[in-house]
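Thanks for coming. I have one model to go through today, so please bring it up on your screens.

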Amino acid sequence: MLLAIVPVAFVIYKLDSYKFLGQNEIIRYLIQFALLVLVLGAVALRIVYKVYLVVFGQDLQKGDYFERDFVVVMFCFIMVQFYYAFRKKRKINNYKKKRVKVMQKWLLQKDEQIRAEEKKSNELRMNYEHELNELRNRKQRLRANHDRLSSDENRLKACLKEVSQQIEVMIGAVNEWVRIPQIAYFHLKEGSARSKLVDVRLLDGREGTVDIDSLAKIEKLWPNVFFRAGRGLLIQQLAIKDQYKEGNDYIVQLLGIDQEQLKVPAEAYDRLLKIREEWALVNER
């Protein structure tokens with residue numbers, strides 16, 4: 001039987017090595033059956049017959065032994081064929097199982113890598129979003145500071161332009177050009193509305209009049225320098241030394257020779273305090 005199994009194995013190996021037969025199982029099984037069962041079986045029995053005839057002097061074809069031996073040999077060939085087919089199927093299944101395990105392990109590793117990359121990506125995204133928000137907030141702060149500085153710059157330029165101007169003041173019988181910072185305040189006396197003149201007091205103590213018929217016009221000419229402290233009083237802000245409360249009175253103290261103290265309404269006092277705080281913030285910037 002060993003001599004029969006070796007050719008069977010060789011034929012099966014050769015048939016399995018062909019790519020076409022490996023892809024067409026039915027054709028391969030038909031060819032194997034024809035070669036192994038019919039051709040190879042007949043050749044094997046013919047060899048057995050010759051061996052028995054030459055060695056033992058017995059003709060197996062004349063007795064029932066021939067038919068029994070033929071059946072046994074054919075059964076062995078068929079079982080060998082089934083064994084190789086089953087073995088091949090088992091090897092394929094084992095390979096598939098190993099392949100599935102390897103692929104599952106590979107997929108798990110890839111999933112872990114993907115999760116790690118996603119975690120890293122989320123951390124980077126959160127970090128970038130945080131930095132972006134910081135940059136946006138900083139941009140907004142810079143823009144707000146720029147707007148404030150631009151506003152303060154425009155206000156300072158307007159103030160410098162106003163304080164550099166002069167106004168003609170009638171002091172006694174003489175007209176004199178006086179710079180704005182020299183003025184303490186404008187005010188209205190009784191009868192000034194008839195003469196259409198506004199009285200002015202300078203920081204050096206002198207008094208005079210200007211050829212303007214209302215405080216509103218003066219306030220419109222120099223809005224950043226003068227402060228309305230009442231219906232008949234317009235104080236020059238640079239001339240203010242201090243402001244404070246004295247009992248129920250609200251006092252604004254001026255610079256100059258006389259250090260004059262003016263009583264102002266509470267509303268005007270609070271408004272002036274707010275304006276001075278705004279100028280203090282401008283100076284800090």
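I will take the cores, then a surface patch, then the salt bridges. Keep in mind that this is a predicted model.

The largest nonpolar core has 19 residues. I167, I183, F186, V210, I218 and F226 have the most contacts inside it. At least two residues of this core come from each of β1 (166-171), β3 (183-187), β4 (198-202) and α6 (215-221). Now look at F226: leaving out residues up to four places away in sequence, F226 touches I180, I183, F186, L234, I235, Q236 and Q237. There is also a second, separate core, with 17 residues, including C159, A229, L233 and L254.

On the surface, V43, I47, V51, L53, V54, V55 and F56 form a nonpolar patch, with about 660 Å² of accessible area together. F56 belongs to helix α3 (residues 25-56). Its relative accessibility is 54%, so F56 counts as exposed.

Next, the charges. The structure holds nine salt bridges. R201 is buried, at 13% relative accessible area. What does R201 pair with? One partner is E207, with the closest N and O atoms 2.6 Å apart. Another is D258, at 2.4 Å, N to O. This second pair links distant parts of the chain, since R201 is in strand β4 and D258 in the loop between β9 (249-254) and β10 (261-264), 57 residues apart. D258 is partly exposed, at 44%.

K263 and D249 also form a salt bridge, at 3.6 Å between the closest N and O atoms. K263 is in β10 and D249 in β9, so this pair ties together parts 14 residues apart in sequence.

Last, shared partners join R201, E207, D258 and E260 into one salt-bridge network.

Notes:
Residues numbered from 1 in each chain as written. Predicted model: local features only at pLDDT ≥ 70, side-chain atom pairs only at ≥ 80, totals over all residues. Heavy atoms only, no water. Core = buried A, V, L, I, M, F, W, Y, C linked by side-chain atoms within 4.5 Å. Buried < 20%, exposed > 50% of the residue type's maximum accessible area, 1.4 Å probe, protein only. Helix = DSSP H or I, 4+ residues; strand = E, 2+ residues; numbered from the N terminus. Contact = heavy atoms within 4.5 Å. Patch = residues over 30% accessible without salt bridge, like charges linked within 9 Å, V, L, I, M, F, W, Y side chains within 5 Å. Areas by Shrake-Rupley, 256 points an atom, 1.4 Å probe, with all protein chains shown as cover. Salt bridge = Lys/Arg side-chain N within 4 Å of Asp/Glu carboxyl O.
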